[in-house]
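Subject: Structure handover

Hello,

My notes follow below it.

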Amino acid sequence: MKKALIVWGGWSGHQPEEVAHIFRDVLQKEGYEVEVSDTLQAFADAEKLKALDLIIPVWTMDEIDQKLVDNVSEAVQGGVGLAGCHGGMCDSFRQNVDWQFMTGGQWVAHPGNDGVEYTVNIQNGSSSLLADIGDFNVTSEQYYLHVDPAVEVLATTRFPLAPGPHSHNKPVDMPVVWTKRWGVGRVFYCSLGHQANIIEMPQVKEIMRRGLLWAADGRSDIRVP
């Protein structure tokens, strides 16, 4: 049985407990053993982390001890998956660049705030992870992120929609869903998920289900000599 750890907390506006429970239910339906924790000390046992298949952070706008980041990083480098969404993974610890390097991006703005209606465009690339999921509209925060150029982009959204200083630039397609590698570990991120109702959207929930399972299967990439 595969094992997953979900760690939730930080800013309550993202409904981290509710989102954590959605992810727990998704994984339990897939036969996973899931531990849910509301403390960052869940990252303190490095050997326990290395024995997992998947780590899911649901934690926004906080600070973290460097040793805890190192523990997660070492586990992922060794093959443990890392997956998450919205500010729960890519706005977790604004002061920690190691976390941002590992996850592949960092939130910097959501022009127009909550309530922007925009399109998520699924990209037809080398990955089949989002196959059969079509483009869809969502009304929520539209995340503008600083993104690692190494990521493989699976979905995008077009900026600008809401006015702001960024509007004077040419239109850009901002990554919404991506994958990357950290060591031999798989990393999956989706910028959707401001609150639990967005995660419950059928398209978003299916994207997250596939991403969680994909990230957790990273050990299959490890070649035994």
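Which residues of strand β7 (residues 136-140) lie on the covered face, and which on the uncovered one? Phe 136, Val 138 and Ser 140 form the covered face. Asn 137 and Thr 139 form the uncovered one.

Before the rest, the ground rules. This is a predicted model: local features need pLDDT of at least 70, side-chain atom pairs count only at pLDDT 80 or more, and totals for chains, interfaces and linings use all residues. Residues are numbered from 1 along each chain as its sequence is written, and side-chain values use heavy atoms, without hydrogens or water.

Strand pairing: β7 pairs with strand β6 (residues 116-122) in the antiparallel sense, over five bridges (pairing takes at least two DSSP bridges). Thr 139 of β7 is the bridge partner of Glu 117.

Helix packing: the axes of α1 (residues 16-29) and α7 (residues 202-216) come within 10 Å and cross at roughly 65° (axes are lines fitted to C-alpha atoms over the stretch in contact; angles run from 0 to 180 degrees between N-to-C directions). From α1, the contact (heavy atoms within 4.5 Å) uses Ile 22, Phe 23, Val 26 and Leu 27. From α7 come Lys 205, Met 208, Arg 209, Leu 212 and Leu 213.

Cysteines: there are zero disulfides in the whole structure (sulfur pairs within 2.5 Å). For Cys 85, the nearest cysteine sulfur is that of Cys 190, 6.6 Å away. Cys 85 is also buried, at 5% relative accessibility (buried is under 20% relative accessible area, with a 1.4 Å probe and protein chains only).

Best regards

Definitions and conventions: Helices (H or I, at least four residues) and strands (E, at least two) are DSSP runs, numbered from the N terminus. Buried means under 20% relative accessible area, exposed over 50%, partly exposed in between (1.4 Å probe, protein chains only).
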